[in-house]
Amino acid sequence: MSAALLAGLTTASPGLAQSPAAFAVSVNGEAQPPEPGQLLLQEQIARGAVNTPQLQSVLRETLINQTLMAQAAVKAGLDQQPQVRARLDLARQNALAQAWQQQVLQGVQHSDAAIQAEYQRQVQALGTQEIRLRHVLVADEKQAKEVHAQLRGGAPFAQVVTQFSSDANTRESGGLTGWMPLGRLSLAVVKALQGLEKGQLAAAPVETSAGWQVLRLEEQRPFTAPAMAQVKPQLIQALARQTLQARIKTLRESATVE
């Protein structure tokens with residue numbers, strides 16, 4: 001099913017119980033603000049950790065150790081190295097970009113009509129059929145043609161997969177994929193599969209973004225999309241991305257880039 005429809009959301013729980021005092025510490029005479037510790041605590045809770053004094057203590061010790069190492073790095077002049085300065089600049093840019101995104105999305109409400117329209121758009125893009133394939137993924141066309149010739153000659157698919165395929169996700173299953181809506185596949189793959197019967201090998205290898213693939217159609221059936229209620233959070237997330245993309249486009253249009 002569609003990654004856009006089914007991808008999960010990771011968000012921090014509202015009203016997180018925090019203890020600023022637990023992260024207020026001075027290291028070698030430098031007072032450390034509590035915000036970094038609170039941020040680490042939020043991230044841990046968002047990943048499923050329970051906010052306990054023990055967790056806060058571990059995070060406090062982590063921050064102290066990081067501060068000591070950072071102080072030592074500055075003392076050694078490492079903060080003046082070009083690569084280190086570049087990493088610091090990138091970290092600052094990333095933090096500011098995330099803060100800008102949060103500000104843009106703050107208070108944005110998507111109407112039921114907009115959510116319904118996005119759902120219909122995604123469902124239509126996925127198509128009405130889904131399939132399972134067996135495939136062998138290799139790096140170049142020459143090897144793909146050799147693999148294709150072996151399979152056409154009757155070599156067992158699983159054996160060829162074990163010998164040649166670089167796709168770790170399907171090596172143990174003999175190259176068998178999960179069910180995929182046709183709309184998720186590249187146009188080149190869809191074209192190669194047209195007219196194939198169950199168990200039939202595609203006429204030639206196909207080049208995709210992952211590499212060269214030798215394909216065999218295993219099964220095909222009507223595709224039923226998940227109900228809108230099941231994927232509403234993901235639909236809202238997709239609309240949020242569209243909002244950000246529109247704002248970024250506006251920024252680009254008014255920017256001077258040389």
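Let's start with Glu 141 and Lys 145. Their side chains form a salt bridge, 3.5 Å from N to O. By salt bridge I mean a side-chain nitrogen of Lys or Arg within 4 Å of a carboxyl oxygen of Asp or Glu. Both residues sit in helix α6, residues 141-152, 4 residues apart, about one turn of the helix. An α-helix has 3.6 residues a turn, so residues three or four places apart point the same way. Glu 141 is partly exposed, at 37% relative accessible area. The cut-offs: buried is under 20% relative accessible area, exposed is over 50%, partly exposed is in between, with a 1.4 Å probe and protein chains only.

A word on the source. This is a predicted model: local features need pLDDT of at least 70, side-chain atom pairs count only at pLDDT 80 or more, and totals for chains, interfaces and linings use all residues. Numbering runs from 1 along each chain as its sequence is written, and side-chain values use heavy atoms, with hydrogens and water left out. Helices (H or I, at least four residues) and strands (E, at least two) are DSSP runs, numbered from the N terminus.

Stay with α6. It has 12 residues and spans 16 Å from first C-alpha to last, close to the 16 Å expected at 1.5 Å a residue. That expected span is 1.5 Å times one less than the number of residues. At the N-terminal end, Asp 140 is the cap: a side-chain oxygen lies 3.2 Å from the backbone nitrogen of Lys 142. After the helix comes Gly 154, with a positive phi near 105°.

Which residues of α6 are buried? Ala 144, Val 147, His 148 and Leu 151. They cover an arc of only 100° around the axis, so they lie on the same side of α6. The arc is taken from the directions from the helix axis to the C-beta atoms. And what covers these buried residues? The cover includes β3, α7 (157-164) and β6. Contact here means heavy atoms within 4.5 Å.

That brings us to the sheet. It is open, with 4 strands in the order β4-β3-β6-β5 and antiparallel pairing. The edge strands are β4 and β5 (206-208), each pairing on one side only. Two strands pair if DSSP finds at least two bridges between them. β3 and β6 are antiparallel and joined by 10 bridges. β3 also pairs with β4, residues 180-181, in the antiparallel sense over 2 bridges. β3 is mostly covered, with 8 of its 10 residues buried.

Now look at Glu 130. Its bridge partner in β6 is Arg 221, and in β4 it is Pro 181. Next along, Ile 131 has Met 180 as its bridge partner in β4.

Glu 130 and Arg 221 also form a salt bridge, with the closest N and O atoms 2.7 Å apart. This pair links distant parts of the chain: Glu 130 is in β3 (residues 129-138), Arg 221 in β6 (residues 211-222), 91 residues apart. Glu 130 is buried, at 6% relative accessible area. Arg 221 is partly exposed, at 37%.

A second salt bridge joins Glu 219 to Arg 132, closest N and O atoms 3.2 Å apart. Here too the link is between distant parts of the chain, β6 and β3, 87 residues apart. Glu 219 is partly exposed, at 30% relative accessibility.

Key. Polar contact = N/O pair within 3.5 Å; in protein donor to acceptor, adjacent residues only side chain to side chain.
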